[in-house]
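Student: I'd like to go through this model. Can we start with the terms and then move to the details?

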Amino acid sequence: MLYFIEQCLNGIQLGMLLFMLAAGLTLIFGIMDLVNLAHGSLYMLGAYFAATFAAWTDSFVLGAMLALAATALVGMALEVVAIRRLYGRNHLDHVLGTFGLLLFFNELVRLIWGPAGLTLSLPSEMLSAVQILPGLYYPLYRLVIIAVTLAVALLLYFVIMRTRLGMLIRAGASNREMVGALGINIKLLYTLVFGLGAALAGFAGLMQAPILTVQIGMGENILIAAFVVVTIGGIGSIRGAFVASLLVGLADTIGRTFVPDLLHAFLTESASSSLGRALSSMMIYVVMALVLIVRPEGLFPATSK
Amino acid sequence: MSSPPRTCPAKAGTARVVRPRFVINAGLVLILALIPVYVAATSDAFALTLFTRVIILALAALSLNLIMGFGGMVSFGHAAYLGIGGYAVGILAKEGIGSGFVQWPVAIAASAFYALVVGALSLRTRGVYFIMITLAFAQMIYYVAIGLDRYGGDDGLTIYRRSTFGGLVDLNNKAMFYYLCLAVLLASIYLVWCIVNSRFGMVIQGARSNERRMRAIGFPTLRYRLVCFVIAGAMCGLAGALLANHTNFISPAMMHWTRSGDLIVMAVLGGMQAMFGPLFGAVTYLLLEEGLSRVTEFPNLILGPVLLLVAIAFHGGIDGLIAGVRRG
């Protein structure tokens with residue numbers, strides 16, 4: 001039972017990180033109608049920036065904040081230079097263009113930081129484990145990730161639902177021409193939204209960096225998971241992305257933990273471990289396929305078109 | 001741009017005008033046909049390996065173009081069929097069945113069957129949802145391949161013997177294998193041309209531009225699209241069987257989602273809705289990649305922005321440029 005709770009916490013932690021990526025993706029999808037394959041590159045950049053700045057400043061928190069700002073800046077610059085020219089084109093042009101960006105960023109990182117990965121070490125006080133239930137110790141840093149990402153999610157909700165900027169973002173999602181006609185600088189709004197998405201992706205990257213190695217291509221697999229989240233949640237829906245993130249995070253973690261054991265009851269040791277590994281990696285895609293077969297527009301389809 | 005050039009073909013309907021596109025396509029095929037001659041003359045064996053790869057991937061891109069360019073179904077999981085075809089050959093070879101008469105039909109049948117399942121489940125969705133669900137199914141197969149411990153798992157599997165055809169063709173002869181691939185590609189281009197210009201192809205293209213109208217006329221468009229999807233899957237499975245024979249190696253990396261991205265790039269780069277578009281796309285993309293990696297250590301630093309530029313600036317890819325030559 002304790003093991004199950006621990007795995008659920010891991011699932012929630014993964015889900016919250018996915019939400020950071022998926023929120024940006026779904027905003028960009030919903031508002032600019034852009035398929036952005038380069039979103040994972042911003043995640044990667046966030047992690048590399050954090051590792052570099054933390055080494056310079058000797059402080060994890062300071063490094064993280066600098067990295068966040070740097071990723072947002074890169075995102076906005078990217079929007080102004082390239083992404084802006086892809087709006088209003090068909091999805092294939094988006095795929096082609098942002099696939100090119102993905103290749104470019106992977107290579108750029110290799111040029112700047114070299115082919116070997118980096119590590120970002122945590123401050124020592126973060127390394128401990130806390131007892132959250134009698135007999136259940138959980139790494140403090142993972143709890144911090146859950147708490148901080150939850151706070152960011154709440155902040156995002158507040159910004160989008162309660163501020164003027166958020167109102168403009170929502171208005172831009174439902175009818176961009178009308179917002180433009182009412183005298184809002186839609187270009188600037190789009191740049192800001194892209195920067196926000198980039199910052200969220202970079203944030204996910206830098207929070208994940210101490211747990212995984214910071215390496216080239218780290219954004220590619222998680223990008224696909226984030227796409228799965230966005231698709232399950234319904235493109236353009238932040239609420240859908242939130243629910244789907246937790247669903248996908250839990251399905252993935254619990255699948256990885258319990259499917260091999262479950263199979264072991266029926267199969268031999270080696271068969272169940274290899275089949276189990278395959279099945280559990282497939283879990284989130286199975287969930288997605290099931291959701292789309294029942295609801296082809298995702299769980300929370302955005303009502304506006 | 002202006003109307004006079006466009007009316008020309010209609011006026012000159014009876015006289016056979018040799019169009020630039022035909023000349024360029026024929027020129028490319030001629031050059032490709034002469035590659036082994038060039039290789040024999042210069043003993044630059046690498047060129048043959050490179051161009052065999054180009055032709056096999058052009059076949060895969062051609063099959064993608066059938067559903068994406070003509071059918072409007074943007075599949076972001078097309079590398080899965082490449083992998084299934086390859087694994088069919090690899091697994092059969094490992095189990096001691098070396099005959100191509102068994103391996104290749106199995107490769108085609110397996111990928112056709114998988115396309116049938118994927119298509120039946122995903123063709124109900126539209127737009128970005130279709131892109132994403134095809135991607136998801138490809139990722140599933142990718143992880144299945146990683147789980148196949150007996151066949152190398154993550155590390156992949158070496159194929160020690162290429163498919164045998166009872167002395168009919170010897171795939172170990174590199175030039176012969178090259179010509180076989182080229183012949184398969186040209187036959188497939190012809191097949192796609194026949195499909196596109198048949199009644200079936202008209203329905204598919206009609207469903208791309210206005211599916212509701214096609215249904216109103218009385219065509220069960222879903223069934224037509226599904227058949228088209230399966231044909232494309234089977235064709236790509238054949239490309240996978242060729243690729244496994246070419247590299248003598250299969251691994252899950254064949255079906256990583258970035259490989260599906262590569263195939264999309266080739267199809268779009270060449271110009272969709274053009275018969276020879278995927279071939280031009282594959283030649284351009286792979287030669288550019290190869291050329292750049294000889295000049296610089298960081299080829300994608302240039303290749304990436306080139307793709308971005310193509311996406312921003314060109315409509316209709318290379319074929320659009322050729323068509324522009326005709327008009328201008």
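Tutor: Two strands count as paired if DSSP finds at least two bridges between them. Strands (E, at least two residues) and helices (H or I, at least four) are DSSP runs, numbered from the N terminus. This is a predicted model, where local features need pLDDT of at least 70, side-chain atom pairs count only at pLDDT 80 or more, and totals for chains, interfaces and linings use all residues. Residues are numbered from 1 along each chain as its sequence is written, with chains lettered from A and ligands numbered from 1 in the order in which they are written.

Student: In the hairpin of β1(A) and β2(A), which residue takes a positive phi?

Tutor: Gly135(A), near 85°; the hairpin has 2 residues between the strands. β1(A) and β2(A) (residues 136–139) pair in the antiparallel sense over 4 bridges, and Ala129(A) stands opposite Pro139(A).

Student: New topic. Where does α10(A) bend?

Tutor: At Gly255(A), by about 40°, the angle between axes fitted to the seven residues ending there and the seven starting there.

Student: And how many residues does chain B give to the contact with chain A?

Tutor: 38, against 39 from chain A, with contact meaning C-beta atoms, placed from the backbone, within 7 Å. On the chain B side, α6(B) gives the most, 15 residues.

How values were computed. Two residues are in contact if their C-beta atoms, placed from the backbone, lie within 7 Å.
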